[in-house]
Amino acid sequence: MRKATYLFFLAALFSLSSGFAQQKKAVAAADQKMNAFIKNLLSKMTLEEKIGQLNLLTGGEATTGSVVSTGVESKIKNGQVGGIFSLTTPARIRKAQEIAVNQTRLKIPIIFGQDVIHGYKTTFPIPLALSCSWDMALIEKTARIAAVEATADGLNWTFSPMVDISRDPRWGRISEGSGEDTYLGSEIAKAMVKGYQGDDLSKYNTMMACVKHFALYGAAESGRDYNTTDMSLHRMYNEYLPPYKAAVDAGAGSVMTSFNDINGVPATANKWLMTDLLRKQWGFDGFVVTDYTAVNELIDHGLGDLQAVSALSINAGVEMDMVGEGFLTTLKKSVQEGKVKEQQITNACRLVLEAKYKLGLFDDPFRYCSEERAKNEILTPEHLKVARETATQSFVLLKNQGQILPLKKTGTVALIGPLANTGSNMPGTWSVNSDLKNTISLLEGLKANAGADLKILHSMGANLLTDPEYQKRATMFGRDIPRDSRTEEEMINEAVATAKKSDVVVAALGESSEMSGESSSRTNLDIPEPQKRLLQALLKTGKPVVLVLFTGRPLTLKWEDENVPAILNVWFGGTEAANAISDVLFGKVNPSGKLTATFPQNVGQIPLYYSQKSTGRPLEEGKWFSKFRSNYLDVSNEPLYPFGYGLSYTTFDYSNLKLSKTKFKAGETITATITVKNTGAVEGKEVVQMYIRDLVGSITRPVKELKGFQKINLKAGESKDISFKISVEDLKFYNADLKFVAEPGDFKIFIGTNSRDNSEAPFQLTL
């Protein structure tokens with residue numbers, strides 16, 4: 001029997017290895033076929049035609065920049081366009097593609113891109129909210145649905161995922177990323193790339209991902225968009241670069257440059273970044289595209305005129321110029337003057353052509369132009385169901401004193417606030433394809449889900465902002481919230497009267513969708529003053545108040561935390577936000593989101609993040625202030641809400657942390673196990689988080705680093721033993737010589753419900 005089993009095992013192993021070998025041969029054959037095709041095509045191309053492939057224009061529907069391309073049709077005919085973005089629908093894209101493949105000499109198809117950031121027509125929560133689900137399978141599914149819908153509408157390239165680590169909530173684009181943590185950001189980057197690209201980029205319903213913004217964009221000084229970035233290589237490699245590398249390792253087909261400088265050289269002209277790091281160290285074999293007019297903006301960075309900066313960019317390793325047309329208008333002259341080698345342009349063109357080949361465009365340029373798919377695969381009931389579920393998983397319950405939530409479906413609820421009746425703000429920033437007119441408001445959602453025994457009253461209560469001009473800036477792109485012409489006192493009095501008629505007040509307050517996102521940096525992260533005064537008046541009625549907080553970033557909520565009994569952070573939840581908020585408010589879904597960005601007590605603490613390094617004068621544990629220690633005079637060092645924080649309608653108890661052993665070496669693992677019990681009365685989900693601290697290192701190390709997590713579901717009273725395996729790979733970091741190493745010594749493991757509240761145990765690594 002043993003012999004038979006052994007022979008079966010050998011046969012299975014041989015079959016498996018044979019299968020891998022065949023797969024490897026098939027990939028090699030496919031690559032050889034592609035290389036031969038591209039080589040043949042390049043041999044026929046003039047210098048002008050090669051340069052044309054490096055030109056990315058906007059199709060006229062763009063809302064992501066101030067420059068709009070002109071003469072697009074004639075440029076396509078002249079072979080001067082490699083790609084177009086912000087042109088949608090099969091009919092429009094077919095028209096442009098027909099010009100490219102029927103009216104140009106070499107009939108090279110165009111690639112069509114779009115900012116498909118958190119869904120296409122079916123819009124999911126903003127990326128920061130999505131990350132708070134801590135559910136990689138769900139995140140991957142949202143990207144898969146986005147790819148299905150976008151390709152059904154003619155697109156084949158998305159400018160996503162944005163994987164910039166950000167620890168400064170003043171930066172508006174923190175809303176577009178996955179928060180502050182390197183490990184979690186890397187896991188999400190991989191999930192998004194896999195969701196967009198699937199296992200075969202040539203399939204009609206997959207699209208090429210574009211990792212952005214390379215690199216360090218989330219660390220812009222002062223949290224001001226497009227600003228300079230200054231960072232040590234050590235911090236860069238250990239904390240900010242890993243998510244980009246994770247996306248590249250996952251097979252992302254393209255990378256987008258960032259606007260900021262790195263080591264004094266703007267990313268778009270940074271040869272060390274684009275060639276030495278991205279290609280030589282990481283082995284990236286896709287193409288690099290600039291951000292919107294980034295080549296031209298090198299002029300204002302002080303690097304020269306348009307010809308000079310275009311030459312710098314192509315020589316640095318950039319393949320495609322977005323909108324600026326510096327490549328198109330100057331590269332031929334630079335070749336003639338010896339400032340750019342024609343081979344550099346040929347190599348860039350080859351990478352763009354390879355992307356088109358991998359997308360199947362040379363086999364069928366119209367593979368993404370199906371009117372039938374556009375009718376049947378966009379905004380489907382199945383997609384909307386996933387959008388609703390995803391939104392509920394992204395909400396973070398910050399406070400629930402006295403178990404005000406969930407709400408009962410009887411009596412009267414007063415829904416008050418400037419964000420209560422605005423459907424257009426529900427999808428959030430960077431939802432350029434969302435149907436704003438047919439997205440329901442929170443008021444409509446509550447009424448639709450309340451049932452016959454609950455009465456919903458409504459009052460606006462306050463304008464979004466005091467300053468009308470500020471409000472215009474905060475409600476762009478069709479997200480208008482009409483201002484009430486009455487005085488603030490009149491509006492508050494009406495709201496208070498409405499509140500007094502109710503059993504509970506739901507205050508829909510916070511940011512409008514465009515108060516975060518690109519070019520939406522803020523220095524004041526409080527809830528706007530007119531809304532805060534409204535909230536204070538509502539609390540004075542004595543009615544229970546639930547703050548439903550809309551935001552695209554961490555806000556400073558110290559007063560609200562001290563005074564409001566219940567706070568549900570709903571971010572911006574997408575197409576199904578209103579229904580999802582109703583599901584959680586009424587208890588149909590138990591909230592399980594966990595913060596992926598620290599909430600500070602005030603702006604003066606920023607940047608504030610859990611994985612900080614200890615100083616030589618750390619504040620003693622349990623102390624608020626100690627002279628000649630690293631602290632403030634006016635506020636403690638602690639955040640208001642730490643990374644990983646989030647409450648539930650139930651409670652969870654952690655106990656009995658055990659390690660399988662306390663010493664291990666390379667090739668071995670330690671298993672850490674902890675018991676988690678649902679000690680409440682309802683079923684709920686919990687994100688069990690594992691952190692590690694390297695106690696002694698050759699360079700200073702963070703006080704904690706996330707190294708694992710599991711999202712589990714427990715019924716009331718149920719217990720589970722949750723295990724994590726720790727290997728040498730989990731302990732590696734880039735040392736002072738930028739070598740990726742694990743050093744022997746003492747470590748601590750922490751497992752718990754967030755980065756602050758956890759159990760700990762020591763262990764050692766011996767090498």
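**Exercise 1. How much space lies in the largest pocket? Find out which residues line this pocket.**

Before starting, note that this is a predicted model, where local features need pLDDT of at least 70, side-chain atom pairs count only at pLDDT 80 or more, and totals for chains, interfaces and linings use all residues. Residues are numbered from 1 along each chain as its sequence is written, and side-chain values use heavy atoms, leaving out hydrogens and water.

*Solution.*
- Step 1: A pocket is an open set of points on a 1 Å grid over the protein atoms alone, with protein on both sides within 12 Å along at least five of seven lines; a cavity is a set where a 1.4 Å probe fits but cannot get out, and lining residues have an atom within 4 Å of a point.
- Step 2: The volume, which is the space filled by probe spheres set on points joined across faces, edges and corners, is about 1,400 Å³ for the largest pocket.
- Step 3: The lining holds 37 residues, and closest to the centre are Gln 612, Leu 619, Asn 637, Glu 638 and Val 703.
- Step 4: Strands (DSSP runs of E, at least two residues; helices are H or I, at least four; both numbered from the N terminus) that give two or more residues to this lining are β25 (745–752) and β26 (758–765).
- Step 5: Sort the lining into nonpolar (Ala, Val, Leu, Ile, Met, Phe, Trp, Tyr, Cys, Pro), charged (Asp, Glu, Lys, Arg) and polar (the others, Gly among them): there are 14 nonpolar, 13 polar and ten charged residues.

**Exercise 2. Describe the largest cavity.**

*Solution.*
- Step 1: The count is six cavities of 30 Å³ or more, and the largest cavity has about 120 Å³.
- Step 2: Its lining has 15 residues, with Pro 127, Met 162, Ser 178, Ile 188 and Met 192 nearest the centre.
- Step 3: Helix α7 supplies the largest share of that lining, four residues.
- Step 4: By class, the cavity lining has ten nonpolar, four polar and one charged residue.

**Exercise 3. At what angle do α12 and α13 pack?**

*Solution.*
- Step 1: Axes are lines fitted to C-alpha atoms, for helices over the stretch in contact, and angles run from 0 to 180 degrees between N-to-C directions.
- Step 2: For α12 (residues 306–316) and α13 (residues 326–336) the angle is about 85°, with the axes 9 Å apart.
- Step 3: Angles under 35 degrees count as roughly parallel, over 145 as roughly antiparallel, 65 to 115 as roughly perpendicular and the rest as oblique, so α12 is roughly perpendicular to α13.
- Step 4: The residues of this contact (heavy atoms within 4.5 Å) divide into five nonpolar, seven polar and one charged.
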